Amino acid sequence: MPAFVETVTGPLSVDDLGATLIHEHVVTGMPGWDTDANVPRWKRHDMMQIAKDKIAEMQDAGIHSMVDPCPSDLARDIEFSAEVSQATGFRIVAAAGLYNEFLGLNAYWKMRGTMGADVVQEMADAFITEITEGVNGSGVKPGIIKVATGSGSVTDYEGQVFAAATKAAIATDVPIITHTDDGVLGEDQQTMFAEGNLPSHRAMVGHCCGSNDHDYHWRLVEGGTYVGFDRFGLEVINSDVNRVKSILKLIERGASTRLMVAHDTVWCWLGKSFPVNPLWRPSRFSQDIIPMLRAGGATDQHIDDILVQNPRRYFAGEPLPPLD
Ligand SMILES: [Zn+2]
């Protein structure tokens, strides 16, 4: 089992991750944002200042590490993340992987398919090269693989990405983190991992807090992956009151060892921005949500599982403890 997690500044003992937010973004942009000539371009200095401010906010809130699961096709800037980490001492785990078909950048892979290439193997090889050698000659290595589905059903392209990610995760011993839309298709994702023989505890189904359906959440718990409640503060998608209710139901049934949390904040958004509310900040969970969970009966042990023990176990590849 891996005792180390690869951060953007090198390997870190999983025991040193500490309190970890499982899904925040330093830089993100949709493919093609730079075709909009009327979008102001970021200055590196301004980006660094924003990143430093966000990290100071998280550190003040008791957070030690974060995962930035930006896939390679959503303007991932792993070298900038390394600069941010070096400047602040804050640990960041970056990702290999590709986004969903609707909003990702998939023309190249579709073209390879039309040429008869083994697309799944080529994609897997690409992920493995990034994880073992670093991205684009920078030497900065991803420590996780990101995959995504949309709403509706899983597309053929997304099936290829999941199959490739599963191969690469098994070959490199890094875990997989997912995006779901509208709180659906988590079980389909689990099925794809199982078909590739990925141990279920090496994956986290993300954005499960897009659904308020406890039965759906429980089926995911029974499917053996981690379950991400990773959009706190994003009230345009769901309310935090609903998210807290859902987490408390899972905790009551003994599933605190299956949960990881974050906000999916984007610090430097490339392209025209979207409206944000002041609750959507990376200290929201520590400052506001933990007191709500405690008021609903969550204990220190539950909070420690969610923030510290589960991320450690996930990166270490430790089997899940029994539901208690
Ligand atoms: Zn995200």
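The model is predicted, so local features need pLDDT of at least 70 and side-chain atom pairs count only at pLDDT 80 or more, whereas totals for chains, interfaces and linings use all residues. Residues are numbered from 1 along each chain as its sequence is written, and side-chain values use heavy atoms, with hydrogens and water left out.

The zinc ion has as its protein donors His23 (NE2), His25 (NE2) and Asp264 (OD), at 2.1 to 2.2 Å; donors are N, O and S atoms within 2.8 Å of the metal (3.2 Å for Na, K and Ca), and sites may look incomplete because water is not among the atoms. Along the chain, these donors follow the spacing H-x1-H-x238-D. His23 belongs to the loop between strand 3 (20-21) and strand 4 (25-29), while Asp264, 241 residues apart from it, belongs to the loop between strand 11 (259-261) and strand 12 (266-270), and the pair thus links distant parts of the chain. Helices (H or I, at least four residues) and strands (E, at least two) are DSSP runs, numbered from the N terminus. His23 is buried at a relative accessible area of 1%, and Asp264 is buried at 7%, where buried means under 20% relative accessible area, exposed over 50%, and partly exposed in between (1.4 Å probe, protein chains only).

The structure holds 16 salt bridges, each being a side-chain nitrogen of Lys or Arg within 4 Å of a carboxyl oxygen of Asp or Glu. One of them joins Asp240 and Arg284 at 2.8 Å, N to O; because Asp240 lies in helix 8 and Arg284 in helix 9 (residues 284-295), the pair ties together parts that are 44 residues apart in sequence. Asp240 is buried at 0% relative accessibility, and Arg284 is buried at 8%. Another salt bridge, between Arg294 and Asp300, has its closest N and O atoms 2.6 Å apart, with Arg294 partly exposed at 39% and Asp300 exposed at 57%. Through shared partners, salt bridges also join Asp240, Arg243, Arg281, Arg284 and Asp288 into one network.

Asn238 lies in the loop between strand 10 (226-229) and helix 8 (240-252), and its side chain is in polar contact with that of Asn212 at 2.7 Å. A polar contact is a pair of N or O atoms within 3.5 Å; within protein, one must be able to donate a hydrogen and the other to accept it, and residues adjacent in sequence count only if both atoms are side-chain atoms.

Finally, Met115 lies in the loop between helix 3 (107-114) and helix 4 (119-133) and is exposed at 55% relative accessibility.
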